[in-house]
Amino acid sequence: MTRPHYIYSLTTTLLASLLLASCAIKDDIPYPIVESAITAFKVQGQCDANDQEFARATISEKDATVDIFVSDTVDLRRVRILQMEVSNDATLVPAQGVCLHPSFFPTKGFESPASTDNTLIDLSQGYADFTLHTYQDYEWKIRVKQVILREVEISGQAGDAVIDPVNRNIVVYVNGEQDLGSITIQKFKPAGQHSVVNPDPVGAGPMDFNQARTFDITPGNSTESETWQMFVYQTDQQGDTTNQQGQTTAEAFVRNNSATVSGNCPSGSIPVVEYRREGDDEWTQVPQDQVVVNGSTYTAEVTGLTPGGSYEFRTRIGDEVTSTDSESYITVAPQQLENSSFDDWHIEGSGTKALYLPWADGAEGYWDTGNHGTTTVGASNSTYADEGGRRFANLASKYIVIKFAAGNIFTGKYLETDGTNGVLSFGRPFTAFPTKMRFDYKYRTSTITRTGGDWKESYGKYITRKLYEGLKGQPDSCNVYIALGDWEPVDYKGTQCPYLIRTRPSELHLLDKNDPHLIAFAEMTCGRDVSQWTTETLTLDYRVRDRRPKYIIVVASSSKYGDYFTGGEESLLQVDNLELLYE
């Protein structure tokens, strides 16, 4: 029996509708929330707070932190992880610069590393950042405190010895009856309990300290000796200010609305720090809980200052008043970024070769993108879009002919395309101290389908492990970060670059979060769909409080690992209304 034509048409239509419906349902199903945490962690040389025995790491899932103590035998630049277990089979993604050999660091948690793994990490900054990647990203921080128990005891000693490990100086006061020409050293470990002094002065008999004496000391975490100096002074009162080493000094470092006052003070004294705005008669005392005394030095944090104001600072100890070395200090005026709402763009060229540039035609660029590289083989993927009267940066991840490219925008300049890779100058001049960065964003994630290729090193050596192969099939994440630093510019073909970025695998050089020139940093990572405009506020973490930034780096990318040519081909990040806050 021949069926009517409309039945075939109806059947075909129903099947097509079902297929389309199934696709729509699949696309509408959100990625599951699969949380992950570090559940066990151990390193070589781990100890308790007194360096007496091994102690377990303190793991806080709430704060996403792991805290450990290590002995003074550990070189913090080369700490070996012995155990790093995580929940829900998350992928381990160390921050740039954390691993000494990133290509051989395990991509999954481990009870003990395999013989082919290299788990050395750099903890010289006191911490290291890791991302645990499931369907989302979970940022964790490994924090370390090195236990260095320093002690010096001599005959006739008055008060604790002042040990300065930075300048490698030791100052000890003795009572007025103690002969400086006949000092017996009873304990001598200024560089830590596991250090070696050559020759060892303990038990060597009386020594002459009418003049400073030097000692060669090898720290427990090194094979190279250091030269230390030891000074001994007579005093009837500990910390007598008539002694040169006991004099009070003061200096101030001002920011936008705060300042740090620091200096030397007599050992055992309690300095009172005061400040006033220039022209005022009355001084304001800094609360004592904001004044920290460490041996013969002190530091005070002064808050509530007015940006652009002129201030005076002083320190009092008893009747002695010490002013800072300058009569007044002017706090720094706030700065904002240019074109921070991404309203100004112009287009060079047309069609598929149209180059979108994030500055007005005829103006000088402040931001730039990777479009200079992508348009050599395809269309710009970092553009602008208009919606409801607002214009914003529209950053799309795409596979362009031969390589994956994340949509991105950054403060700085694209210098040139090296083969199919970019050479970029990150950063713009900046000297202020913002506390936060606020911006609006929307994000559409997609499944990671591209994980780059094998990394080629110098001299033709290949590494067979793909760095982010384990992320394939998982949702992509966007990334927005801000960094302040005092980097020294690098010359690249006549251009002075605050921070030179290379994406060629054999010369890969990205922003190092552990760079000692990094003053402050904050970032956001999002691995879920955010369909409505959402305001995000990042709080800057200041690693140092006594250095002024020279440059600011702000980067937004539709794929967090786009620098490694890893991400999803449909990811889209939209960013608008970026603002620096000063509180």
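Phe231 and Tyr233 are both buried, where buried means under 20% relative accessible area, exposed over 50% and partly exposed in between (1.4 Å probe, protein chains only). The model is predicted, so local features need pLDDT of at least 70, side-chain atom pairs count only at pLDDT 80 or more, and totals for chains, interfaces and linings use all residues. Residues are numbered from 1 along each chain as its sequence is written, and side-chain values use heavy atoms, without hydrogens and water.

**Exercise 1.** Classify the ring pair of Phe188 and Phe215.

*Solution.* Start with the rule: rings of Phe, Tyr and Trp (its six-membered ring) pair if their centres lie within 6.5 Å; planes under 30 degrees apart are stacked, over 60 edge-to-face, the rest tilted. The count by this rule is 17 aromatic pairs. Here the centres are 4.7 Å apart and the planes meet at 45 degrees, so this pair is tilted. Next, place the residues: Phe188 is in strand S13 (residues 185-189) and Phe215 in strand S15 (residues 213-218), so the pair ties together parts 27 residues apart in sequence. Strands (E, at least two residues) are DSSP runs, numbered from the N terminus. Finally, check burial: Phe188 and Phe215 are both buried.

**Exercise 2.** Classify the pair of Phe231 and Tyr233.

*Solution.* Take the distance, 6.4 Å centre to centre, then the angle, 0 degrees between the planes: the pair is stacked.

**Exercise 3.** Find the strands that pair with S36.

*Solution.* Pairing needs at least two DSSP bridges between two strands. S36 (residues 436-444) has eight bridges to S49 (residues 572-581), running antiparallel; there, Asp440 stands opposite Asp576. Seven bridges link S36 to S45 (residues 530-539), also antiparallel, with Lys436 partnered by Thr539.

Methods:
Helix = DSSP H or I, 4+ residues; strand = E, 2+ residues; numbered from the N terminus.
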